[in-house]
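Me: I want to learn how to read helix packing and strand pairing in a model. Can you take me through it step by step?

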Amino acid sequence: MSAPRISDRIERLPRSGIRAVMEQALRLPDAVRLDIGDPDFATPTHIVDAAAQAARDGFTHYSPGVGLESLRTLVARKVTERNGVPCTPECVAVTTGACGGLYSTFLALLDAGDELLLPDPGWTTLVPMAIAAGATPVPYRLARGDDGFTVDLAALEARIGPRTRAVVVNSPSNPTGGVESRETLAGLLELAERHGLWLVSDECYEELTFEREHVSPASLAGLDRVVSIFSFSKTYAMTGWRVGYAIASPEVVRALVKAQEPVVSSASTISQKAAEAALLGPQDVVAEMRGEYRRRRDLALARLEAGGVGYARPSGAFYVMADVADAGESSERFAHRLLRDTHVAVVPGSAFGAGGEGMVRVSLAAAPETIETGLERLVSLLQPSSGRARAAARR
């Protein structure tokens, strides 16, 4: 009798290239961590205190699958006032972070065999999410110009086929730090309407923009075909709290919650109370973190320029894609060599799609001195004589 086997669908899911590097880096106690997108800031004290008080007050039970009414009301107000999207609580679903929001959205909108257009380079987890939801991921190549990466509408439209059901846009972007213009988003919405597509907008880094403004696509077109995914993780340094929210029409919210409940029942009630405190409390903490990320971005770009290393200029988020094509090897081999020889962890660009090959993603969610040390070693490895000297010095 044959042994039972694991699902073919799960067996063929690709591993996250970010997690693969992270697991290797964790084996090195002195690793310089520029791999993971986890803010090095602590969650602001007033948020932690509010969560502790909520636990003492008995908010330790299930919440409704759609989320606490009190939080949904605050989110609707925030989205209306800050994002320019007219919103009521009926248009809000609280999710287990943006990951839960995106996955539940894919389950709600896509049938088996439907095609989902994904940015390339794009966040590593989108592809396995699409496959796990039964859909077929189809990459659309981002264009790289003097101002970093951006959506190329013509290239995107060329990827649309008879089975295409939805397209994902991520602005500000992980991994590129690109921030899409109002004009590009308007063009994307026109394209989606013309082809009868859903637009799923990943806006996790909405508050982390520098030279450019963040624009929510739903502010330009309403909620008829747009689902917007937000998170408290990056804005308030709350990655471990696992709470986010989706904004959509009431019909889509009901479907999304229906998809979410068999997996997680609901988001953590304590985390939802913490999220309320984040929205109600002082917002200067967000401005302070944004300012620090910008300083780190400028520090990183200056260090790369001084070492003669090219990059795609980021206008948001906390990443920079650095050129390593001169190493004469794949970005994966270079990233592994950098970790092995210099104990610096970065993510190979190929982990984010074919459009990321020849680059590595450097996370700026680390202390400035860590960024300086890591980039100094990266630059040295790209300069063979300097790299050999440094390796000898480390031994």
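Me: How do I describe two packed helices, and at what angle do helix α12 and helix α14 pack?

Reply: Two packed helices are described by the angle between their axes and the distance between the axes. In this predicted model, α12 (residues 284–306) and α14 (residues 368–382) pack at an angle of about 20°. Their axes are 10 Å apart.

Me: Is α12 roughly parallel or roughly antiparallel to α14?

Reply: Angles under 35 degrees count as roughly parallel, so α12 is roughly parallel to α14. The crossing of the two helices is right-handed.

Me: Which residues make the contact?

Reply: From α12 come Glu292, Arg296, Leu299, Ala300, Arg303 and Leu304. From α14 come Pro368, Ile371, Glu372, Leu375, Glu376, Leu378 and Val379. Sort the contact residues by type and you get 8 nonpolar, no polar and 5 charged.

Me: Which strands pair with β15, and in what sense?

Reply: Strand β12 (residues 319–323) pairs with β15 in the antiparallel sense, over 5 bridges. In that pairing, valine 320 has valine 362 of β15 as its bridge partner. Strand β14 (residues 347–348) also runs antiparallel to β15, joined by 2 bridges. Here valine 347 stands opposite arginine 361 of β15.

Definitions and conventions: Residues numbered from 1 in each chain as written. Predicted model: local features only at pLDDT ≥ 70, side-chain atom pairs only at ≥ 80, totals over all residues. Heavy atoms only, no water. Pairing = 2+ DSSP bridges. Helix = DSSP H or I, 4+ residues; strand = E, 2+ residues; numbered from the N terminus. Axes fitted to C-alpha atoms, helices over the stretch in contact; angles between N-to-C directions. Parallel < 35°, antiparallel > 145°, perpendicular 65-115°, else oblique. Left-handed = near helix turned anticlockwise from the far one by under 90°. Contact = heavy atoms within 4.5 Å. Nonpolar A, V, L, I, M, F, W, Y, C, P; charged D, E, K, R; others polar.
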